[in-house]
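Reader: I would like to learn how to read contacts, cores and helices in a model of this kind. Could we go through them one by one?

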Amino acid sequence: MPEQPPYEPERAIAGTGMGGQMDLAASEATTLEQPPPGGPGESGHEASAASGERPRSLWSDAWHDLRRNPVFIIAGLVILFLVLISVWPSLIASGNPLKCDLSRAQEGSRPGHPFGFDGQGCDVYTRTVYGARTSVLVGVLATLGVAVLGSVLGGLAGFFGGVPDSILSRITDVFFAIPVVLGGLVLLSVITSNTVWPVIGFIVLLGWPQISRIARGSVITVKQNDYVQAARALGASSSRLLLRHIAPNAVAPVIVVATIALGTYIALEATLSFLGVGLKPPSVSWGIDISAAAPYIRNAPHALLWPSGALAITVLAFIMLGDAVRDALDPKLR
Amino acid sequence: MRAATHAVRAACAAAATLAVTACGGGGGAGGDRGAVLSSSWGDPQNPLEPANTNEVQGGKVLDMIFRGLKKYDPDTGEARDMLAERIETTDSRNFTITVKDGWTFSNGEKVTAQSFVDAWNYGASLRNNQRNAYFFGYIDGYDKVHPADGSKQSADTLSGLKVTGPLTFTVKLNQKFSSFPETLGYNAFAPLPRAFFDDHDAWLKKPVGNGPYMVENYTRGSQMSLRKWEEYPGPDKAQNGGVDLKVYTDPNTAYTDLMAGNLDLTDDVPAAQLKNVKSDLGDRYINTPAGILQTLAFPYYDERWNKEGSEKVRKGLSMAIDREQITNTIFQKTRTPATDWTSPVLGKDGGFKEGLCGEACEYRPDEAKKLIQEGGGLPGGQIKITYNADTGSHKQWVDAVCNSINNALDNDRACVGNPVGTFADFRNQITGKKMSGPFRAGWQMDYPLIQNFLQPLYYTGGSSNDGKWSNQEFDDLVDKANAETDPAEAVRTFQQAEEVVRDHMAAIPLWYQNGSAGYSDRLSGVKLNPFSVPVYNEIKVG
């Protein structure tokens, strides 16, 4: 990812393709007056409706591609479903994930309990559904934290350069050198909190350098573009340059990496919980359930397979989504 | 000793049996006398000083490298003379002990009366801060070398111990204690060589004892290698070349290693495998009654557990636990719901009294809820049961106990488990008084007397009174029982003391535990003693 080409704000003038540099002079003028492009989708209809008259932005172009990508549609639907049951698990699971009846331990599936029971007699279906909430919550919040912290630090370092940049780069090197699982075992084992915050905090702590590097590289590339130089020449302040001209054009690689990372963060949460240092009961998490069911694999494999399957599908969905977004934002890679 | 793992240590155990050496004779039926076996283990909490080891993993090793005056029969648990030639008394207060001639430590030094007296003085002295010091509390002069209030000691040696000859010494107790000789098989009473005092650090690195095995080396977190001491003078010589104790932090891993042929013996069969163990191992799985009681102890140093009405909360918690269901489902009936605070291995005459706990140990969810409310509710609205996650399948049963309590109280979050990674760490947190709620307290007896199930655990200042419970009435009854010369009367008095424990629910009894072990087809002659420790010296390899 880091090697993204500069994104020209208003690429499309159809047909120009990659040779964009030539059009810079022309497009730059427009850029300066236009509001920064919005999120994907914002201009979808508009853009197509206006096709031919108005050039499509990078974002509307990407959205246009995405809508036609079956991988994106499938992943999107899965994620939509996950988000829905995270917000509202009782929609499809009426039970209480903490209510367990030991007399039914390890029993297989039966009407009303499609996934059977685990070693403690808890309903595997209910726990699997409720487990989505912590996974999605940890994944989304950790990604937000990583993206915000990483792009702010990386962006500033890239923009200003010099000594602060060197210092930050060395700090990221230090964090890169920390093995994630080992770091988790050491740092999280001293924390007794039962909430999701220590896990999120830990992921942000170890995850931001990745984004920071990408944001830094991206900002450095963008800031050399002529339209930035032009704005600077016109007397724009640093904050205006950063916010109006650089950030909107440098953010794409960050979004791509963050989307893919979201899936890995969910897997990381499950890993840490499996090792007993992530979330702790009574939190309901797939990692916890997988860990508890592992010793019973010979007698009650269903208690292990369902949460594992849910975890696998979720991680896959986010990674596929990230892939699709990358393809859309970076057509060069296709 | 305490119980730790599944109990606490058992120091004793042994295989000794003077007579009948099951082993021994004739060499015939096979077994490679030089072959080494591997066995599962966990790191001990402390360096292996005999008077400082009160947990089961360290005790296991002491049991192999030391022999004391008495040895507990590996089959019956009865205390039999080992190094003791004679222990004589006329008044249950003054004892004359004669040590057998011909015993030496593995470094060649002779075991004499002085070896015992030095060791006991070391163990009792406040300066040395030994966890089992309390076992010497009945010897005259203990209050001088180990003042109860922690003030400076005014003597270095116990005035009640006198060496009267190379192999004889006398012991004067500060009160009558009729079963004193039976306690002498406990490892706190082991003899120590001069090397222990002369170069203590070197000794700690490589302990030297007088048992059938010698320590070859020890790497914390990995393995302790013990090798047969060829010149061992005792009757219970090792029938194998040695034992490698391998550290496992999860019994499931040990079990998997056993199945894969990487391990010869595990004495901690995980609960999750109990359903399969018969088909996996056939008759290489053993399950025998042991003097182990699993309980939940409470931190009485935390005033929330030591206030008016908190005994109602504890009793309520006890009644919220469905012991029957848990022992059936989680443990596949290899444990029995407890109805008193001792163990069936003591026998009725020894003090086991079925049903002494009464309805407080029965599952009565409605009453439980009521009692807890009357007692002021759970402190902080939630209890955390602290346990160590590396042995004994504790996670499974703690989760089950919590679910049972939650169901009874109709509150999803009334109880949660709080795992601690390793046993040694768990013990450190307990001895550091870091508990804020109930914690797992398995008790593996040190010697088969009802006294051992009560005094170390509930007597004020007792060596394994981890919760620091203190009750004058209980202390008085124990003193009275110890002074009793009629064994039956002593047992009755101990049972009265046990009723005091019940009335305050000082600890919640859960279940009596069996010892269980599985072993590879290389081994024969494997058995567990009543302390649930494998009788290593009788195992044959090959």
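Reader: Leaving aside its neighbours within four places in sequence, with which residues is A:Ile203 in contact?

Author: Two residues are in contact if their C-beta atoms, placed from the backbone, lie within 7 Å. By that rule A:Ile203 touches A:Ala142, A:Val146, A:Tyr265 and A:Leu268, once neighbours within four places in sequence are set aside. This is a predicted model, in which local features need pLDDT of at least 70 and side-chain atom pairs count only at pLDDT 80 or more, while totals for chains, interfaces and linings use all residues. Residues are numbered from 1 along each chain as its sequence is written, and chains are lettered from A and ligands numbered from 1 in the order in which they are written.

Reader: Which residues have the most contacts inside the largest nonpolar core?

Author: In soluble globular proteins, nonpolar side chains tend to be buried together. A nonpolar core is a set of buried Ala, Val, Leu, Ile, Met, Phe, Trp, Tyr and Cys residues joined through C-beta atoms within 7 Å, where buried means that 20 or more other C-beta atoms lie within 10 Å of the residue's own. The largest such core has 244 residues, and A:Ile203 and B:Ile405 have the most contacts inside it.

Reader: Against what do the buried residues of α17(B) pack?

Author: They pack against α11 (347-350), α15 (450-458) and α16 (472-483) of chain B, and among them are B:Phe494 and B:Val501. Just after α17(B), B:Met505 takes a positive phi of about 45°.

Reader: How many residues of chain B are in contact with chain A?

Author: There are 19, which meet 15 residues of chain A, and α13(B) supplies the largest share of that side of chain B, five residues.

Terms used. Helix = DSSP H or I, 4+ residues; strand = E, 2+ residues; numbered from the N terminus. Buried ≥ 20, exposed ≤ 12 C-beta atoms within 10 Å, placed from the backbone.
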